[in-house]
Amino acid sequence: MGRGQELLAVLQWVFAPLLLLLAELSSGLQPTYQWRDAETNEKLTCQQCPPGTFVARHCTRDRQTECEPCPELHYTQYWNYLEKCRYCNVICEEKQVEVQQCNATHNRVCQCQEGYYSEMEFCIRHSECPPGSGVVKPGLVDICSSGAGLCGFN
Ligand SMILES: *[C@@H]1O[C@H](CO)[C@@H](O)[C@H](O)[C@H]1NC(C)=O
C-alpha cells in the first residue's frame, strides 16, 4: 500500500461513520411517504418533494421520486407528495392591496387598503372621529378621545 492509499484508508475509516451519520440525518430531514407501486404492487417508501415543487413521478423500486417546480400561479408551501401544486386562489378584492405575491411557495396575501378595517373578511371603511378628537381604539366603529365616545360610519 502506498502512502496515499494508506492515508485514504485512514480517512475512510474516520469519515465513513460521519458520512453515514450525515446521510441518516439528511434522510431523516427529508420527509417520506408510503406508496404502492401499481405495477409490482410493492409497498415503497418514497421521498417527498420540497416546497415549490410537486411529485411529477412517484418513486419506484429503483428510482427516487421525481419532483418538478410548480407552474405559474401555483404553489406548494410544505414538503409534499401532491401530484399537482395548489392554485393561488386568494384574489385581492376591490379595497384590498396585495401584500404578498403568489410565488412557488406562497399563496397570495391581501390586506385592506389604508383607511379600511377588516371585519369578517370584508374591508369596511373606518369611521372617522370628529376634528379635534383623536382615535383611541381603531375598529369597525372607532372609539374617540372626546365627544360622544363612539363615532358613526362615514
Ligand atoms: C415567496 O414569497 C415569500 C414571502 O414573500 C418569500 O419568503 C419566499 O422567499 C418567496 N419564494 C420564492 C421562491 O421566491
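Hi everyone. Helices (H or I, at least four residues) and strands (E, at least two) are DSSP runs, numbered from the N terminus.

A quick word on the model: it is predicted, so local features need pLDDT of at least 70 and side-chain atom pairs count only at pLDDT 80 or more, while totals for chains, interfaces and linings use all residues. Residues are numbered from 1 along each chain as its sequence is written, and side-chain values use heavy atoms, with hydrogens and water left out.

Back to the backbone. Most residues other than glycine have a negative phi. N41, though not a glycine, has a positive phi near 65°. L73 is not a glycine either, and its phi is positive at about 65°. L73 sits in the loop between strand 4 (66-69) and strand 5 (74-75).

Is L73 buried, exposed or partly exposed? With a 1.4 Å probe and protein chains only, buried means under 20% relative accessible area, exposed over 50%, and partly exposed in between. L73 has 41%, so it is partly exposed.

Now to N107, in the loop between strand 7 (96-100) and strand 8 (109-112). N107 counts as buried because its relative accessibility is 14%. Which side chains does the N107 side chain meet in polar contacts? Here that term means N or O atoms within 3.5 Å, where within protein one must be able to donate a hydrogen and the other to accept it, and residues adjacent in sequence count only if both atoms are side-chain atoms. The partners are the side chains of Y75, at 3.3 Å, and N89, at 2.8 Å. Thanks, all!
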